[in-house]
Amino acid sequence: MQNHAIKLANLFLHGDDHAAIAYINEVLLENNRLMLYEDLLTPAMIHIGKLWETNKISVADEHLATAICDYVISDYEFRSASLEPTHQKKVMLFGVEGEEHYIGLKMAAAVFQEFSWSVRYLGPNLPLQHAETAVNAWKPDVVAMSAALSYRLPMLKKSVQVLASTENKPTILIGGRMAPHANFAEEAAPGQVISMPTLRNLHEWLNHSGKDTEIRHVIS
């Protein structure tokens with residue numbers, strides 16, 4: 001599947017959205033959101049990130065590829081649109097203040113929708129003050145945040161501390177490339193934080209939590 005992801009990345013870099021969608025339809029033998037997001041789009045965007053980090057592509061190239069990937073996700077979700085949410089659980093997703101990467105969050109929002117959660121996706125770079133206001137107003141069961149770069153970790157920790165202390169005490173999910181490095185979780189909000197490094201981890205967690213009346217608070 002890695003070769004397919006690299007070929008898809010090249011289509012993104014050429015700005016060819018129609019060819020990208022056609023290739024995805026050719027590769028995927030079934031309409032499988034998790035396989036598309038976890039096994040094709042995520043490694044494709046990681047490959048593009050590495051090309052950018054090693055100066056093999058420009059910032060403009062990286063932005064073009066991100067825009068095409070965003071379009072592919074939107075197109076897939078439009079074609080897969082289903083019924084209104086039937087689940088009573090609510091999730092709010094956003095990138096922490098200063099964090100501009102958002103493709104992973106957008107895919108995570110779609111996975112929650114697949115499980116019929118009520119979803120509010122607030123995009124990247126949300127100031128903490130506004131995130132706190134939104135959480136207090138909507139009272140989600142889960143707040144999902146992401147950070148892709150190590151220098152976002154202090155803001156990620158501060159966000160966890162503030163939002164975990166809001167009135168409804170939401171479960172906090174941490175995703176993105178920094179998820180495995182969020183060692184502060186137990187100190188910042190004991191028993192409320194779950195590290196979720198991959199979409200497959202999220203899918204498994206939703207399968208499990210959907211069978212319980214309450215969301216389990218665990219550290220993983």
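**Entry 1: Strand 3 and its partners**

I began with strand 3 and strand 4 (residues 171–175), which pair in the parallel sense over five bridges. Helices (H or I, at least four residues) and strands (E, at least two) are DSSP runs, numbered from the N terminus. Two strands count as paired if DSSP finds at least two bridges between them. I then looked up a bridge partner for Ser 146 and found Gly 175 in strand 4. From strand 3 the chain crosses through helix 7 (residues 153–164) to strand 4, and I recorded this β-α-β crossover as right-handed. The term applies if, with the strands pointing away from the viewer, the path from the first strand over the helix to the second runs clockwise.

I also noted that strand 1 (residues 90–95) pairs with strand 3 in the parallel sense, over five bridges. Here Val 91 stands opposite Val 142 of strand 3.

**Entry 2: The model**

I am working with a predicted model, in which local features need pLDDT of at least 70 and side-chain atom pairs count only at pLDDT 80 or more, while totals for chains, interfaces and linings use all residues. Residues are numbered from 1 along each chain as its sequence is written, and side-chain values use heavy atoms, with hydrogens and water left out.

**Entry 3: Cover of strand 3**

**Entry 4: Cys 69**

I located Cys 69 in helix 4 (residues 59–79). Cys 69 counts as buried because its relative accessibility is 0%. Apart from neighbours within four places in sequence, I listed Phe 12, Leu 41, Met 45 and Ile 103 as its contacts, a contact being heavy atoms within 4.5 Å.

**Entry 5: The whole chain**

I recorded nine helices and five strands. The radius of gyration is 17 Å, close to the 17 Å that the globule rule gives for 220 residues, so the chain is as compact as a globular protein of that length. The radius is taken over C-alpha atoms, and the rule is 2.2 Å times the number of residues to the power 0.38. Of the 220 residues, 48% count as buried.

Conventions: Buried means under 20% relative accessible area, exposed over 50%, partly exposed in between (1.4 Å probe, protein chains only).
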